[in-house]
Structures are given as C-alpha cells and as structure tokens.
Amino acid sequence: MAAKKKVRISYKCGDCGATALKWTGRCSDCGAWNTMQEEAPPAQGRRSTSKVRRVDPIPVSKVDLKVGEVRLSTSIRELDRVLGGGLVTGGLVLIGGDPGVGKSTLLLTVLSHFSRRGLKTLYVSGEESARQIRLRADRLKLPCDHLHLLAETDLDASLAAAERIKPRALVLDSVQTLFSPELTSVPGSVSQVREVAARAMSLSKGHDIPTFLVGHVTKQGGIAGPKVLEHLVDTVIYFEGDGRTQLRILRAVKNRFGSTGEIGFFEMTAEGLREVPDASARLLAERVASASGTSVIAAIEGSRPVLAEVQALVGHPSPATPGRTVLGVDRSRLQMHLAVLGKLGFPLHDRDVFVSAAGGLRILEPAADLGIAVSVVGAMRDRALDQHTMVFGEVGLVGEIRAVSHPAARLNEAARHGFRRVIAPVSSVEHAPKNLEVIGVRTLQEALAVLFGAPKGKNTRR
Ligand code: TYD
Ligand code: MG
C-alpha cells in the first residue's frame, strides 16, 4: 500500500501575502500582528485537458460596449459624483471611516431615497437594532416604506435573505460585525473580513445588486481588516471628518467605474446629513473680515478648488520653550515657514505659534504655504489683509514662491466668490480671469511687501 502523502500546511499573511511554514504571531515580512492564517495546500496534479472549459479571447475593439454598466442615481449629487456618476448595478462599494463619522446615516439616507422612488432595498445591520434604525429614520423624517431591515450578524443568513427578497440596493453594516459561522475565527478577523467581502462581491455580481459594505477605520487610518479588502471590492470611499466640526468629506480612493479625483462635501446636522454643494461659501461663512492674522487661500480637494481661511496666533516672547500648535495644517511645514520668516527678519523662535485651517478642512498641500506664512506675519504685527485679497503658492526654503497645480481653477474660484486681488506665483498670472487682479510674486518678501508694505529692516519693492 502506498504511503499517504503528508499534507503540508502553510501560513499566509492576510496583509501582505507573505507565506511561512510555521505560524508566527507577527508576519516576518511586513511586521503586522495576528495576520498569519492557515492556507489550504494547493490541489495536487493537473486537471485532464478534456475537463478544461474552452474560452476564447477577443480583440479589444470587438468588446461590446452596449452591454455595459447600468448606473443608478442615489439622488445625492455629492455621492453620485464620488461614485463616478451613480451606483453601478452589481458594483461593490466599501465605505470606510471613523466610528461616528456618519456612515450609517449616509447609507440609511441613500436607501430611503430609493424607497421614495418605490425601489425595494435591504439594510443589514450587525451594529444597531432594528428599533434604533427605525427611530433614526423617523427622527430624520426619512420615508422607508420599501426599506427592509435586518438586524443580524450571521453573514450566511443575511445573504440568503438578500437573495430571497432581491433588493435593488443592499447595505451591509459592517464588515467587522458580520461573520460566517463556517469559519472558526472571530468576527472582524482577517479571514472573516475577507470572507464577508468575497461573499458580498459574489452576491452583488451574481444578482446585479449594488452593494455598500461599511468598514470602520483603525487607529492607523486603514480600514480594519487590511488591504486585502480594498483589492476585493470595486470602489473604496472614505468618509472623513473630525469631531470638532460638522464638515464631512467623501473621497474615492479606488474606483473601477470612474476617477478617484472626485470628492463630496456634507455637513452633519441635527436633521441628518446635508449636502454642501458650495464648500467655499460654507467654509468662509463665519469669517470675520479684517481680523489680523488671517488669510484666505485656495486649496484643491480631489479635483475641486475650495477656498478656506488660515488663521494664526502668535504669543509674546517668552523664555519657555515655544509651542507650535496646528489644526488642519502640516506642522513640519509650519516649522519650516517659521525658520524662513526668521531669516527674513521676523523673530519667532521665542514665541508660541498657533495655526489653524478654519472650518474643519485639512489643508496639507504646499499651496497653503503662502497663506500660513502671511497669517503668521499678520498675527505677529497685528495687521489684517484687505478682505477681498486671497493668496496661494508654495514657499521654498530660501523664501522663493513656487508654482502650484491647477492655478486657473483656484483663480476662478476666487473670482466666483467675490475676491478682487490674488497674490500668487508668477506663472499663475497668465490664468487670471476677468475682474480679478493677479499679482505674481517671486519671493515671500515680495508678497509681504505687497500685502503689508515693506517689512521691518528689509528693503523691499512695493
Ligand atoms: P453614524 O451614522 O451612526 O456613524 P457611523 O455609522 O459612521 O459610526 O453617526 C453617528 C453620529 O452622528 C452620532 O455621534 C450622532 C451624529 N448624528 C448627528 O449629529 N445628526 C444626525 O442626524 C444623526 C443621525 C447622527
Ligand atoms: Mg454605523
């Protein structure tokens, strides 16, 4: 009798895919903890050629475009835009974000809009009870006649229910709470999360049901239950926002059906999520005209220009170690600006400096540099900018002003919101729209001279 061949078990990291023959608590390749999982051994031998299905590749130009994707509008313009023009039937969308940011509220609103149009939908929640969801829908006055609820954590039962009632749209909330009883691992583990995503994918593809999968974000900022999840779905959207403001931003980071440059703005109010079609107006609404230490800049979010206010506060000279506090702007860039300003004759080494992007936007792009530098100088000298003046541009280490992307979009947005003058990199001047004076500057000193007159101790042109 032939000896039974020994089956060799191997382990695979759910994060990076590295394999090992022994189980370890930490992947030796990527360093992730608790991601090594048992892998079934590969099937032995080859299928006989007679059993292999015949498939024929076709030239790209012969691909039939008529049998293509069908789009379903969510009735939320900001969301449709991020999705690349609405939901694709059979598409699986992963929506990630911090707990409490508003994912469940957004998706309940989406399904309610479908319900209003008479379309049957299903909301599976492993997080909240049916009663809680009903109360929320009532409080937000969301019509839900055709919205079916299932408060369930059993993946198999939930998907069987979805197959039975055949909804036009499905929400699975969340990938961390749903689990397949067939797997031994706990809900939220890598293998469970992967199973939920894979099964959701086959349901949405097999039955043409557009599906939203909710995923919470870990402390490291990734959707818990790693990168494998992002590969498995068609679209990955992050819902961002911090606790201090009502502003929420929806951002596509992967989209098989559209571009990833699009973003959507929302506001979390007591009456639910509200779309913010004009983010610049919303961000500038509470601006105090002619306050010292502030400036308005034009940032680019996704592919959209957004105007935002950068505020600075500078303390009195003190022998204590000075603090550098930032909210919504890059701390290391602020430190660089303070060094550059120091060289230009603005001693800030012994003063506390606070810089904040008002309204809850995070502006990390270099185009905000000029706004930060100008606000700090304004705060230090207690000077305000003219309220119809805006600035943008990258500041280099020797105080040079460098060109930034999308100058025309930034200038047009400034003109649209009633600004009359923009201080910007020289190369932007040619993009000036009508009714907007664009003053091109080559150095930070030049910008400060235009805005505040000649800085102390320096001989600058006006
Ligand atoms: P939720 O949608 O449950 O967040 P997630 O699903 O991302 O965890 O939103 C919960 C938070 O939103 C909660 O802290 C309260 C707040 N909220 C409002 O401010 N207004 C509202 O109308 C609703 C429904 C929630
Ligand atoms: Mg939720």
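Q: What share of the 462 residues in the protein is buried?
A: Buried residues make up 48% of the 462. Buried means under 20% relative accessible area, exposed means over 50%, and partly exposed lies in between (1.4 Å probe, protein chains only). The model is predicted: local features need pLDDT of at least 70, side-chain atom pairs count only at pLDDT 80 or more, and totals for chains, interfaces and linings use all residues. Residues are numbered from 1 along each chain as its sequence is written, chains are lettered from A and ligands numbered from 1 in the order in which they are written, and side-chain values use heavy atoms, with hydrogens and water left out.

Q: How many helices and strands are there in the protein?
A: There are 11 helices and 23 strands. Both are DSSP runs, numbered from the N terminus: helices are H or I with at least four residues, strands are E with at least two. The C-alpha trace spans about 95 × 55 × 50 Å along its principal axes.

Q: Why is His-113 called buried?
A: Its relative accessible area is 18%. The limit is under 20%, so His-113 counts as buried. His-113 lies in helix α2. Between His-113 and Ser-75 the C-alpha distance is 6.4 Å, although they are 38 residues apart in sequence.

Q: What makes Ser-290 exposed or buried?
A: Ser-290 has 56% relative accessibility, which is over 50%, so it counts as exposed. Ser-290 sits in the loop between α7 (279-284) and β15 (294-301). Its phi is near 50 degrees, a positive value in a residue other than glycine.

Q: Which peptide bond is cis, with omega near 10 degrees?
A: The bond from Asp-173 to Ser-174. Ser-174 is in the loop between β9 (169-173) and α5 (190-207).

Q: What makes a residue part of the shell around ligand 1?
A: One of its heavy atoms must lie within 4 Å of the ligand. The shell has 16 residues, and the closest are Gly-100, Lys-103, Ser-104, Thr-105 and Thr-269. They divide into 5 nonpolar, 6 polar and 5 charged. Here Ala, Val, Leu, Ile, Met, Phe, Trp, Tyr, Cys and Pro count as nonpolar, Asp, Glu, Lys and Arg as charged, and the others, Gly among them, as polar.

Q: How do you know that the pair between ligand 1 and Lys-103 is a polar contact?
A: A polar contact is a pair of N or O atoms within 3.5 Å. An oxygen atom of ligand 1 is 2.8 Å from a polar backbone atom of Lys-103, so the pair qualifies. A nitrogen atom of the ligand lies 2.8 Å from a polar backbone atom of Thr-269. Alone, ligand 1 exposes 550 Å², and the protein buries 73% of that. The areas come from the Shrake-Rupley method with a 1.4 Å probe. The largest share of the shell, 3 residues, comes from α2.

Q: What makes a nonpolar core, and how many residues has the largest?
A: A nonpolar core is a set of buried Ala, Val, Leu, Ile, Met, Phe, Trp, Tyr and Cys residues joined through side-chain atoms within 4.5 Å. The largest has 49 residues, with Val-376 and Leu-444 making the most contacts inside it. Helix α9 (residues 369-381) gives the largest share of this core, 8 residues.

Notes. A polar contact is a pair of N or O atoms within 3.5 Å; within protein, one must be able to donate a hydrogen and the other to accept it, and residues adjacent in sequence count only if both atoms are side-chain atoms.
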